[in-house]
Amino acid sequence: MSRQKQYRRDSASFPVWNKFTLWGIRWKLLWMSDIVQSRLGRPIPAYGVFMNQTFKTLRDFPDMYKLVRLFLGLLLIVPVLALGIVQINGPELRKNAFENLAAIAQMKADTIQNWLAERQTDLDTLLLAEGLTQYAERLVATDDAEAHTIIAARLTAYSQSKHYSAAALLNASGQILLAVGKVGDIETADIQPLLQSTLTHGGTAHTDLHPNATADRIHIDYLAWLPGVAGRPPVAAVLLCTPADTLLWPTVRMWPTPSPTAESLLVRRDSDQLLFLSAARHRPDPPMSLRIPLEAAPATMPEAIAVTTGQPQTLEGIDYRGVAVLAATRPIAGTPWHLVTKMDRAEVMAPLNTLIGWVSLLTLVAISVVCIAIGQLWRQMLHARQLELANQSALLQMASEHRYRRLHESMRDAYFMVSLAGHFIECNSVYRDMLGYSEAELASLTYIDLTPKRWHAMEAQIVQEQVLVQDQSQVYEKELLRKDGTCFPAELRLFLLRDQQNQPEAMWAIVRDITERKQVEQSLRKSEARYERAVNGANDGIWEWNEGNEEDYLSPRWKQLLGYENHEMSNDQSNFFQLLHPDDRPKLSKVLREHLEHHKPYEIEFRIRCKNGEYRWFYGRGQAEWDARGRPLRMAGSITDITRRKEAEAIVYETERQRIQVEAQAMHAAQLAMVGKLSANIAHEINNPNNSISFALSLLEGAWRDALPILALHAREHGDFILGGFPFSGMCERINKLFSLSMDNSQRIKNIIDNIKNLSRSAKNNFERVDINKMVDNVVEMLLNRAIAFTDHFEAILDDRNPVVCGSTGELEQVLANLVLNALESLPDRDHSVTITVQQREEQDKAKVAIQIQDQGVGIEADLLDKIFQPFFTTKGKEGGIGLGLSISRSIIHAHGGEMYVESRVGLGTCITILLPINAECPIHDR
C-alpha cells in the first residue's frame, strides 16, 4: 500500500484539530515566504518549493502533529525577541532623540536671540552716526533739502547693508519725515505706542512680529529717538523694519539632517489661543495664520505646553496634526516667543522596528529550517518504524493466539461459547468441571438442556430483548443442572458475536457458581433479623449516620423515647438536630467535631424536645468509622433517657446550695461581728482627735470673728494687704467658707464613726427623706478637689424627676463617696473619666432609683468579682485599703432595702449600680 493510500485510510481517525493545525502551518509557511520575498525584492521559486515540500511531509504523516506543536512553541521566541529588543534599545533610542531635539532647539533659540541682539546693536550704531542728529534737527526745523538728501542716503545704505526692508525718520508727532526702501512695510499705527514709550523711558523699543499693510510680509519694527544736541530734547526718531523672511524664517525651518517629519515652529500665546508665528511644515497655512484655541488643544500638545508653562523641556505628546511626536521646547528671551522642535515618534522608532522585523524574519527562517530538518528525519524514522511494526505484528499475532489458548484454559471462571441455537462451540475446563460433563458430552447438548424449565422463559426473553438488541445482557442469576441431577445457583452475562456482515453469529458468557455467596446472604439476613429484634427490645434508642448516599437509621425505640411512632418520623439525622435544645447545640457540635477530627470519645448529655413539646435529658454515646485517609464513613450510637437522674441531681444540688448559702450567711455574720468590735475600737480612737479638732475650730472661728473688725480697719487705713498668701479683701469670704466646710467635715467624721459603731449592734434609727440629686451634688462638691488630682473628666448626670428615697443621708453619702474614690483611684491617667448617673426606673411595677458609678479604669478580673464584697478582701495590695469599704457599703444599701452589684471588664472599666426603692412616705425601718 502506498503512503498516500495509507494516509487516506488513517485520515478518519486523524484528530480534526490536527488537520486544522496542518493547514494553519501551511499558511504560516507561505506567509513567511511572502515576507522573505518582500524583504529581498524578488521572488524565490526554490523557497516556495521548499515550503510545499514541508507541508507535503506533514500531510503524509499525520502523527507529525507533535512537530507542529514544537513549531508553534518555537514561534513564541519571535515575540520574546521583539520584546527584548524594545526593552533594551527603546529607552536608549528615545534618549538620543530627546538629546538631539534639545540640542537643535537650543541652537536655534540662541541663533534667534543673537539675531534680535544684532538688530538692537544696528540701531544703536545708527544713532551714534556722526552728524545724523544735526541733519535731523535741520530737516525738522527748516525742511532743509541737503539734510533730507544726506539722511536718505545714509538710511538707504544702512538698510541695504543690514538687510532691512525699510527705514524712516519720524518727528515727535509720529509723522514720517522721510522713508526709504519698501515704505509699505511701515505701519504708523503700530509705531505710535512705541514712540511715546521710548520718549518717556528712553532707549530703544521694537514691535512684535506683525504683517504689513498688504499682509505679504512679516516683520519687526525697531524704533529709537536721536539724542538731542546740547542737552535739548530729541526732535526725531529712527525706524528700522526687519523682515522675518530674510533670516528668522530660514533659521526656524533649517534642520541639520534630512528628515521626512522633523520641523521647528515659532509660537506664542495670543489671548486664549495658540498662534503659530512661523509656517507649519505639514500645513499650507502662511505664517501667523494658524490659530488653535488652548481649550481645544490636546493636553499633551508640545506647542500648547510650551506657551502655558514657559519652561524649557523635552516631552512626548500629540502635535497639531494629531500625530505622536517627540519634542523639545525653548523660550526666546526678551520675547513672548517659544521655539518647538519635534519629530514623529514613528520616525524615531523606525530603526527599532526595522531591527525587530529582520530579527523576527531570521528567527522564523531558522525555526522553519530546524523543524523541516526534524520532519525529514522523523519521516525516515517513521518509514523504518512501519517496516519494523509489520514484522512485529506477525509475531504478536502468533503469540496472541498462544496466550489466548493458555488464558482460556487457565481462567478461574467458567466460560462457554454457543451458537444462536444453543449448541456448544467451545468451553473451558472450569465450566466442564462445574457441571461434571466431558467435552464430548457437552457437544451433544445445548445450554438450554442444562437449565431447569422454570428459567427457560426468563432466559429466552433476555436473549431477545437484551442480547440481540444491545449485543449483551445485564448480569442475571439462574440455576444450572449438574450431570448428577443436582441444581446450584449461578451468575452469568451473555455477549453477542457478529460475523463480517455484522449479522449475529454466536453468544459467549462467563459463568460463576454463587452457591457460597447465597449461603452468606441467607446467614446475613438471619443476623439482621436478630439485630433488629435486639434493637427493638433494648431500652436505649439506636441511631446510625452514614456519609454519602447511604440512608441514615433511627431505631423505633429511639423515636418512641421522644413519643413518636415509627411511621411519624423519617430516618434522617436532621430530625435529631432540629429537636435538640438550642443551648446544647454548640456543646454537642464541639464534642462531635472533636470525635470526628481528633478521635476523642463521643459521650455527652443533652436535651431533646419530645412530641408533647417537653424537653427531656438524654445521655448520648457513639463511635465513628474512618477510612484510610482519616475521613469519617459512618457513625453509630445510642441515647438513654436520664431525665429522672437529672431531676434528682437538681434536688441534691439545690439542697447543697442552700446549705452553702446558710453557712455563708453565718460566716458573713461572724465577719460583721468582728468588724463591729474592730470598728468600736477605731471609732473610740478617732473620736478623741476629732473632738479636739471640732473644739479648736470653734475657738479659731471665734478668734477670727473678733480679729476681723481690726483687720478690716487696718485695710481701710493702709490699703489691702497679704494674709496667708492671699489678699485680705478676698480672704474674708474664703475663710468663712473654710471654717464652715471644716466644721461640716468634722461632723461628717462623727456621723461616719457613729455608723461604724452601729455595725456592732442592732438599733432602730429614724430614716429621713433623702433627695438623691442633692445628695449626689454634695458628694461631688466634697470630692471635687480630690477628683482634679486623678482626671480631667469628672461629671454627674442627674434625673430631672428629682427622685426621693427613705434613708440616712450620711450613710448614703458615705457609700457614694467610698465608691467614687475607688473609681478615681482605678484610673490609669487623666484622660480617662468617672461619671455618676442618677436615673429613675420602673421595675416590676415598683419605682426605683439607680445610681451608677461608671469609670474607665483598669477593671476587675472575672474570678474576683464574687469576692470584692467580702470583709477584709482588697485588690489594692500594698497600695492601701483594709477591704471593708465595699462590704460596709453593701450592708448599708441592704439596710435601706436596696441592691448593689458590679459589672467590670479588665482594661475597659467598672460600673457599680445601686438600686434604692422610691417611697412616698418614710417609715422607720429596723436596721
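**Burial and nonpolar cores**

Cys610 counts as buried because its relative accessibility is 5%, buried being under 20% relative accessible area with a 1.4 Å probe and protein chains only. Cys911 is buried as well, with a relative accessible area of 9%. The structure holds zero disulfides, a disulfide being a pair of cysteine sulfur atoms within 2.5 Å.

The model is predicted: local features need pLDDT of at least 70, side-chain atom pairs count only at pLDDT 80 or more, and totals for chains, interfaces and linings use all residues. Residues are numbered from 1 along each chain as its sequence is written, and side-chain values use heavy atoms, without hydrogens and water.

Of the 927 residues of the protein, 38% are buried. The protein has 23 helices and 33 strands (DSSP runs: H or I of at least four residues, E of at least two, numbered from the N terminus). Contacts are heavy atoms within 4.5 Å. Among contacts with a separation of 6 or more, 56% join residues 24 or more positions apart.

A nonpolar core is a set of buried Ala, Val, Leu, Ile, Met, Phe, Trp, Tyr and Cys residues joined through side-chain atoms within 4.5 Å. The largest has 40 residues. Ile112, Leu169, Leu209, Leu248, Leu266 and Trp337 touch the most other members. Elements that each supply at least two residues include α6 (132–142), β1 (166–171) and α9 (248–253). The largest share, seven residues, comes from α5. Beyond its neighbours within four places in sequence, Leu248 contacts Ile112, Trp115, Leu209, Leu266 and Trp337. A second, separate core has 38 residues, among them Val770, Val776, Val780 and Leu783.

Conventions:
Buried means under 20% relative accessible area, exposed over 50%, partly exposed in between (1.4 Å probe, protein chains only).
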